[in-house]
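Before reading on, take a moment to look over the sequence and the model below.

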Amino acid sequence: MLVVTGTGTGVGKTVVTAAVAALAPGRVAVLKPAQTGVGPGEPGDLADVARLVPGVTGRELARYPDPLAPDTAARRAGLPTVTPAAAAAAARELAADHDLVLIEGAGGLLVRFDGDGTLADVAAELDAPVLVVAAAGLGTLNHTALTTGALAARGLRCAGVVIGAWPRDPDLAARCNLADLPSVTGSPLVGAVPEGAGTLGPAEFATVARHSLSCELGGEWHSPGS
């Protein structure tokens with residue numbers, strides 16, 4: 001199992017999750033414990049994964065219409081929250097007949113699913129490594145170091161950092177971050193997915209994924225200086 005979190009919202013978690021799924025051998029399942037900002041019948045993150053990687057099993061435990069943290073969105077909608085225990089149980093159920101289960105969080109690592117449970121608690125319950133998806137530009141060193149530091153403080157394993165949307169024309173901050181992220185976070189940089197990858201068709205997306213993720217994730221990407 002592999003938990004996928006981000007340093008915040010909009011950093012490319014879903015596309016990175018799809019890229020990992022595209023390169024994984026065997027049967028792959030993606031679990032989304034809580035989807036927010038999407039109404040009944042509307043396509044959510046799992047629909048994007050299914051479009052990019054046909055054949056992947058998707059399972060969503062709950063969805064809430066307001067684009068807020070799951071705990072807050074659930075309370076506003078008058079709906080039950082998702083507990084870390086329920087998310088972990090669903091992941092174990094999927095693992096019974098899949099070779100890899102990816103658990104994609106909502107927002108960042110410590111965003112609450114219920115009153116006090118977070119994605120970190122799901123990872124702890126499963127003893128699963130956590131892949132951190134980060135932004136490319138200015139500010140990402142601090143945000144990523146806070147996330148990896150929170151993992152370390154809880155005794156959780158970081159599977160590495162992936163830049164979720166590498167710009168076509170990277171500025172100075174983005175270029176420097178390629179070298180600085182590993183030293184600042186203490187975790188390897190294991191990929192950089194180009195922006196716009198989520199708009200590709202499945203075959204082209206698989207090729208981009210292979211060139212965007214490192215060998216640890218099934219790809220051919222090499223970090224600077226490696």
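The model shown here is predicted. Its sheet is open and has seven strands, placed in the order β3-β2-β4-β1-β5-β6-β7 with parallel pairing. At the edges are β3, residues 57-64, and β7, residues 189-194, each of which pairs on one side only. On average, and with direction ignored, neighbouring strands of the sheet are turned by 20 degrees against each other. In general, the strands of a sheet are paired through backbone hydrogen bonds, and the pairing can be parallel or antiparallel.

One pair can be followed in detail. Strand β6 covers residues 158-166 and runs parallel to β7, to which four bridges join it. In one of the pairings, I163 has A192 of β7 as its bridge partner.

Two helices can now be placed against these strands. Helix α4, residues 84-95, packs on the sheet and touches β2 (28-36), β3 and β4 (100-108). The direction of α4 makes about 165 degrees with that of β3. Helix α7, residues 172-185, lies across β6 and β7, and runs at about 165 degrees to β6.

Which residues touch the most other members of the largest nonpolar core? That core has 40 residues, and the two in question are I103 and I163. Leaving aside neighbours within four places in sequence, I163 is in contact with A134, A135, A136, L178, L181, L189, G191, A192 and V193. Another core, of 31 residues, lies apart from the largest one; L23, A24, V53 and L217 are among its members.

Notes: Residues numbered from 1 in each chain as written. Predicted model: local features only at pLDDT ≥ 70, side-chain atom pairs only at ≥ 80, totals over all residues. Heavy atoms only, no water. Pairing = 2+ DSSP bridges. Axes fitted to C-alpha atoms, helices over the stretch in contact; angles between N-to-C directions. Contact = heavy atoms within 4.5 Å. Core = buried A, V, L, I, M, F, W, Y, C linked by side-chain atoms within 4.5 Å. Buried < 20%, exposed > 50% of the residue type's maximum accessible area, 1.4 Å probe, protein only.
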